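The sequence and structure come first.

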Amino acid sequence: MAPMPRDYLRQFRDVYEGTLLLAGSLDQAEAEKLVNEGTIDLPVFGRPFTSNPDLVERMQNGWPLAEFDPDTFYGGDACGYIDFPIYPEEQARLEREKMIREKS
Ligand SMILES: Cc1cc2nc3c(=O)[nH]c(=O)nc-3n(C[C@H](O)[C@H](O)[C@H](O)COP(=O)(O)O)c2cc1C
């Protein structure tokens with residue numbers, strides 16, 4: 001998905017006085033930059049939320065994000081939407097697997 005050209009977005013900001021949201025391939029760093037410089041009011045995250053149900057907490061804590069799986073989008077069932085773990089669950093699973101490996 002090609003991002004909206006940022007120069008165009010800034011021109012839009014100059015003439016539009018309402019609340020401006022932007023969606024499309026944003027990451028945290030760019031979202032914060034665009035908000036802090038006043039170019040947008042609210043960043044929108046779509047696909048990253050499918051693989052990070054705790055996206056806000058991950059960003060607040062600087063935890064890494066899980067990659068989303070585009071192959072599951074529009075698949076007709078819940079797979080890929082509700083089966084990604086939150087970060088603490090993921091870490092607990094990795095820790096359990098590590099302990100099992102070390103004992104065997
Ligand atoms: C599987 C999927 C379903 C979506 N469903 C909707 C929807 O129902 N309504 C909507 O406004 N946008 C929908 N979107 C668009 C997202 O809200 C968002 O604008 C888009 O994914 C771009 O942001 P992103 O790069 O952070 O994913 C959907 C996107 C995906 C990938």
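## Contacts and overall form

Two residues are in contact if their C-beta atoms, placed from the backbone, lie within 7 Å. Of the contacts in the protein with a separation of 6 or more, 24% join residues 24 or more positions apart.

This is a predicted model: local features need pLDDT of at least 70, side-chain atom pairs count only at pLDDT 80 or more, and totals for chains, interfaces and linings use all residues. Residues are numbered from 1 along each chain as its sequence is written.

The radius of gyration, taken over C-alpha atoms, is compared with a globule rule of 2.2 Å times the number of residues to the power 0.38. The protein has 18 Å, whereas a compact globule of 104 residues would have a value near 13 Å. Its C-alpha atoms fill a box of roughly 65 × 35 × 20 Å along the principal axes.

## Elements and burial

Helices (H or I, at least four residues) and strands (E, at least two) are DSSP runs, numbered from the N terminus. The protein has five helices and two strands. Their order from the N terminus is α-β-α-β-α-α-α.

A residue is buried if 20 or more other C-beta atoms lie within 10 Å of its own, exposed if 12 or fewer, and partly exposed in between; C-beta atoms are placed from the backbone. Buried residues are 6% of the 104.

## Positive phi

Ser 25 lies in the loop between β1 (21-23) and α2 (28-36). Its phi is positive, near 60°. Ser 25 is partly exposed, with 14 other C-beta atoms within 10 Å.

Tyr 74 also has a positive phi, about 55°. Tyr 74 is exposed, with 7 other C-beta atoms within 10 Å.
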